[in-house]
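Here is a walk through one protein model, from the terms used to the overall fold to a handful of residues. Have a look at the sequence and the structure, then read on.

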Amino acid sequence: MTVIHPETGALTAALDCFFIRPGEDERARTAGRHVLGRITYGHGGRAPLLHDGAPLVRIAMAGAGAERVTEVWTTDRPVRCGRDGDLVYAEDGEHLLCAVRIEERGVYRDTVRAVYEAAFALMARLGYPDLLRMWNLVGSITGPNEEGTENYRDFCVGRAQAFEAWAGRMAGMPAATGIGSLRPGIDLYFLACRTGRARHLENPRQTPAHRYPVQYGPKPPSFARATLLEAAGCSGPVLYVSGTASIIGDDSVYPGDIDAQCAVTLANIEALIAPENLGRHGMAGGFRLRDLDCVKVYVRDAGHLPTVRAHCAKALGADRGIAFFNVDVCRPELLVEIEGICR
Ligand SMILES: C=C(O[C@@H]1C=C(C(=O)O)C=C[C@H]1O)C(=O)O
């Protein structure tokens with residue numbers, strides 16, 4: 001159930017997310033609520049810091065001439081923020097948002113592992129052991145590191161090692177995004193919650209990413225296709241949908257064909273969020289494409305943007321305030337990727 005705020009008329013939920021663009025004022029949406037974090041997908045990237053009582057993450061995702069978008073996370077509970085080494089975080093008693101940046105380096109895996117383990121340790125120490133969503137914005141994602149290994153594969157090794165080291169202490173791998181950014185280095189931010197509310201889902205059309213064969217890299221990507229956050233307080237269940245692309249089984253399909261890749265990506269999401277798939281995982285409920293909100297769409301070639309916009313408007317609704325970014329996807333042949341939140 002979603003509740004209307006008595007004064008502002010805004011929809012309120014225990015944890016909420018919305019986008020603001022240049023010239024828009026966040027105050028109409030934050031009245032009576034507390035900000036858990038702001039993530040600016042803009043022109044410059046910087047290490048995250050604490051600003052106005054919450055983490056401020058700035059990631060280079062908008063090219064020259066492209067519009068900046070800020071993702072604002074709010075909660076109905078008071079927030080406490082802090083810093084732990086390079087990590088900045090905010091917590092509301094139910095949820096934790098934390099962020100960190102890894103500066104450019106020749107090889108990423110050991111640092112990725114250390115940073116992930118530091119985030120896991122913070123989550124455990126503050127009492128939010130269940131990771132529910134991770135975003136990994138990787139500069140030159142399909143480019144080589146100084147050993148000649150692709151940066152994404154290098155990143156996946158460190159992340160997998162962190163999950164292996166914490167196996168038994170973590171309730172599985174959550175929904176994620178692993179996407180290109182426009183600046184060297186890796187920006188990461190995570191959402192975690194108190195124990196027992198997060199359930200992870202796979203997609204009947206896709207091989208679980210953590211079981212991809214070795215041809216895609218020495219360690220498979222550690223993530224689930226979606227994470228369902230059970231209701232808390234006045235909100236209904238929320239489904240966090242991972243970055244989804246034109247992959248069937250473990251194969252990238254329709255290389256070079258943007259229309260077909262859009263269709264497959266949207267069909268993958270439709271199958272993932274459908275009542276049948278939640279039922280398969282022993283969960284009630286389900287969603288349709290038009291329930292997707294806070295949608296971010298990543299498009300590799302700027303020339304494909306109009307086509308992708310048209311596909312998304314048709315399938316998701318023209319009025320959804322979708323954010324589009326012209327960045328690389330984690331496999332060179334993937335032209336488009338879509339993520340969002342169903343509620
Ligand atoms: C597109 C895929 O993976 C991408 C990479 C992810 C990661 O490594 O965290 C998560 C979702 C996608 O952004 C896929 O494998 O289907």
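## Ground rules

Helices (H or I, at least four residues) and strands (E, at least two) are DSSP runs, numbered from the N terminus. Keep in mind that this is a predicted model, with local features needing pLDDT of at least 70, side-chain atom pairs counting only at pLDDT 80 or more, and totals for chains, interfaces and linings using all residues. Residues are numbered from 1 along each chain as its sequence is written, and side-chain values use heavy atoms, with hydrogens and water left out.

## The whole chain

The protein chain has 6 helices and 21 strands. For 343 residues, a compact globule would have a radius of gyration near 20 Å, and the chain's 19 Å agrees with that. That radius is taken over C-alpha atoms, and the globule rule is 2.2 Å times the number of residues to the power 0.38. Along the principal axes, the C-alpha atoms fill a box of roughly 55 × 45 × 45 Å.

Of the 343 residues, 57% are buried. Here buried means under 20% relative accessible area, exposed means over 50%, and partly exposed is in between (1.4 Å probe, protein chains only). Contact means heavy atoms within 4.5 Å; among contacts between residues at least 6 apart in sequence, 74% join residues at least 24 apart. The chain exposes about 13,200 Å², with carbon and sulfur atoms supplying 50% of it. Those areas come from the Shrake-Rupley method with a 1.4 Å probe, and for residues only the protein chains shown count as cover.

## The annotated binding site

Which residues does the UniProt "binding site" annotation cover? The unreviewed entry gives Tyr152, Arg159, Tyr212 and Arg225. From this set, Tyr152, Tyr212 and Arg225 are in the lining of the second largest pocket. On a 1 Å grid over the protein atoms alone, a pocket is an open set of points with protein on both sides within 12 Å along at least five of seven lines, unlike a cavity, where a 1.4 Å probe fits but cannot get out; lining residues have an atom within 4 Å of a point. As for the record, UniProt positions are in the numbering used here, feature names are shortened, and annotations may be inferred rather than shown by experiment.

Tyr152 is in helix H3 (residues 151-165) and is buried, at 9% relative accessible area. Apart from neighbours within four places in sequence, Tyr152 is in contact with Ile141, Arg159, Pro221 and Cys330. Arg225 sits in the loop between strand E14 (198-201) and strand E15 (226-229), and it counts as buried because its relative accessible area is 4%. Beyond residues up to four places away, Arg225 touches a list of residues including Tyr212, Tyr240 and Leu272. A polar atom of the Arg225 side chain lies 2.8 Å from the backbone oxygen of Thr207.

## The annotated active site

For "active site", the unreviewed UniProt entry lists Glu337. This residue is in strand E21 (residues 336-342). Is Glu337 buried or exposed? Its relative accessibility is 4%, so Glu337 counts as buried. Leaving out neighbours within four places, the contacts of Glu337 include Thr177, Gly178, Lys296 and Tyr298.

## Inside the annotated domain

UniProt (unreviewed entry) also marks residues 71-192 as "domain: Chorismatase FkbO/Hyg5-like N-terminal". Over that stretch the chain is 27% helix and 39% strand, with the end C-alpha atoms 17 Å apart.

Asn136 lies in strand E11 and is buried, with a relative accessible area of 0%. Its side chain makes a polar contact of 2.6 Å with the side chain of Tyr116. A polar contact is a pair of N or O atoms within 3.5 Å; within protein, one must be able to donate a hydrogen and the other to accept it, and residues adjacent in sequence count only if both atoms are side-chain atoms. Asn136 is also in contact with Asp187, a residue of strand E13 (residues 186-193). Asp187 is buried at 3%, and a 3.0 Å polar contact joins its side chain to that of Arg101.

## Two positive phi values

Most residues other than glycine have a negative phi. Ser140 has a phi near 45°, a positive value, and is found in the loop between strand E11 (130-139) and H3. Ser140 is partly exposed, at 43% relative accessible area. Cys294 also has a positive phi, near 45°, but lies in strand E19 (residues 292-299) and is buried, at 7% relative accessibility.
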